[in-house]
Amino acid sequence: MTDNIIEVRDLVKHFPVRVGVLFKHTVGHVRAVDGVSFDLRRGETLGVVGESGCGKSTLAQVLMRLEPPTGGSATFEGRDMFAMKGAELRKLRRDIQIVLQDPYTSLNPRMTVGDIVGEPFEIHPEVAPKGSRAKKVRDLLDVVGLNPEHINRYPHQFSGGQRQRIGIARALALRPKVIVCDEPVSALDVSIQAQVMNLLGDLQTEFGLSYVFIAHDLSVVRHLSDRVAVMYLGKIVEIGTEQEIYEHPTHPYTQALLSAVPVPDPELRGQRKVIRLEGDVPSPVDPPSGCRFRTRCWKAQDICAEEEPALITRVAAHPSACHFAEEKSVVP
Ligand SMILES: Nc1ncnc2c1ncn2[C@@H]1O[C@H](COP(=O)(O)OP(=O)(O)OP(=O)(O)O)[C@@H](O)[C@H]1O
Ligand SMILES: [Mg+2]
């Protein structure tokens, strides 16, 4: 028995690029997710980090079965996720929930908080009989730190942090096993971010949840993550335990991202060498040959253009997709 709740193998999601008056001609594909493999262990948080456009949300959408994959496979509790239909798919839709970035646009402004949080019960009435729903919604509001008396208020009557709590309460309604958090705190003030992160941590312990936690920035996921996957242009370039990734990063991209993480101590800040990445992220329609990071990498050699580096264990205890992987601490 493995204790992986989700296993993803070689997952691919390409979007056609269409042109012409009726968008009839496909001229290429956005390779949003391009061969991603990882396991999500029961009860853990896997942080997924990378710059804008690297495919994080697309990965989330495919895992939620909101978008069909172009290739690859994934299992949920050992069963093929993408083959599920009927009752099994309905169960999957209870077991995996998502919390989105923007609490301003993801909540229907014309619905009361009670209706928003209780809506999953309308779709899955088997979870809560009608008479019990109002009580369940109040309990959920209480669990996420909102006043249950505010059940008849509308989203605009809440602050950003409170709205994200509404989104979390809704995600919890069906007692899921996995929550995919797609940048749930990126739109919030820094002081509020910490409160929402703490809430997510508490809920994980209380309900035994597993999280896929997506963020731009390595500093956001550190506190909550047991393991971290670093993505670049549709691929995972390095994956390991929180300690491995932050203390022994071996991929130049991870090292560059880490060197940009704010260091609170001014003395340590002075000692740190900030790695500035040159140029922009290349287009995912036509990614560089070989290693996708090579066009911005200070270590790149001929082999990097010729041969794609596999994501394998190299110099450290965790896998890294770099021909010249080298253990280097960038944060003192
Ligand atoms: N429905 C779609 N049709 C076509 N292209 C898409 C679609 N969704 C995403 N893409 C493209 O796929 C790539 C990955 O996008 P995605 O939203 O997954 O990135 P992301 O890592 O979540 O970025 P961000 O940090 O900005 O949220 C981008 O180039 C994006 O333009
Ligand atoms: Mg995104």
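Helix α3 (residues 113-123) packs against helix α4 (residues 133-143) at an angle of about 120°, and their axes are 9 Å apart. The axes are lines fitted to C-alpha atoms, for helices over the stretch in contact, and angles run from 0 to 180 degrees between N-to-C directions. Helices here are DSSP runs of H or I with at least four residues, strands are runs of E with at least two, and both are numbered from the N terminus.

Before I go on, the conventions. This is a predicted model, in which local features need pLDDT of at least 70 and side-chain atom pairs count only at pLDDT 80 or more, while totals for chains, interfaces and linings use all residues. Residues are numbered from 1 along each chain as its sequence is written, chains are lettered from A and ligands numbered from 1 in the order in which they are written, and side-chain values use heavy atoms, with hydrogens and water left out.

On the α3 side the contact is made by Val113, Gly114, Val117, Gly118, Phe121 and Glu122, and on the α4 side by Arg133, Lys136, Val137, Leu140 and Leu141. Contact means heavy atoms within 4.5 Å. These residues divide into six nonpolar, two polar and three charged.

Which residues of α3 are buried? They are Val113, Gly114, Ile116, Val117, Gly118, Pro120 and Phe121. Buried means under 20% relative accessible area, exposed means over 50%, and partly exposed is in between, with a 1.4 Å probe and protein chains only. The buried residues of α3 pack against α4 and also against α5 (160-172).

Next, the sheet. Four strands form an open sheet in the order β2-β1-β4-β5, with antiparallel pairing. The edges are β2 (25-41) and β5 (79-80); each has a single partner strand, so one side of each is left without a neighbour in the sheet. Two strands are called paired if DSSP finds at least two bridges between them. Between β1 (residues 4-19) and β4 (residues 71-76) there are five bridges, in the antiparallel sense. Arg9 stands opposite Ser73 in β4. Asp10, found in strand β1, has a positive phi of about 50° although it is not a glycine. Helix α1 (residues 56-63) lies across β1 and β2 and runs at about 115° to β1.

There is also a hairpin. Strands β9 (residues 227-232) and β10 pair in the antiparallel sense over six bridges, and Met231 stands opposite Ile236 in β10. Two residues lie between the strands, and Leu233 in the turn has a positive phi of about 45°. Six of the seven residues of β10 (residues 235-241) are buried, so this strand is largely enclosed by the rest of the structure.

Another positive phi, near 55°, belongs to Arg175, again a residue other than glycine. Arg175 lies in the loop between α5 and β7 (178-182). Is Arg175 buried or exposed? At 59% relative accessibility, Arg175 counts as exposed.

Now the cores. A nonpolar core is a set of buried Ala, Val, Leu, Ile, Met, Phe, Trp, Tyr and Cys residues joined through side-chain atoms within 4.5 Å. The largest has 57 residues, and Ile168 and Leu218 have the most contacts inside it. Leaving out residues up to four places away in sequence, Leu218 touches Val49, Val228, Ile245, Tyr246, Thr254, Leu257, Leu258 and Val261. Apart from this core lies another, of 33 residues, including Val8, Val36, Phe38 and Ile236.

Last, helix α9 (residues 252-259). Eight of its eight residues are buried. What covers them includes β3 (45-49), α7 (218-222), β9, β10 and α8 (242-247). Pro252 is found in this helix and has 1% relative accessibility, so it counts as buried. Its C-alpha atom is separated by 7.9 Å from that of Cys322, 70 residues apart along the chain. Not counting residues up to four places away in sequence, Pro252 touches Phe293, Cys297, Trp298, Lys299 and Cys322.

Phe293 lies in the loop between α10 (266-271) and α11 (302-306), and at 1% relative accessibility Phe293 counts as buried. Phe293 and Tyr253 are 40 residues apart in sequence and 7.4 Å apart in space, C-alpha to C-alpha.

Key:
Nonpolar A, V, L, I, M, F, W, Y, C, P; charged D, E, K, R; others polar.
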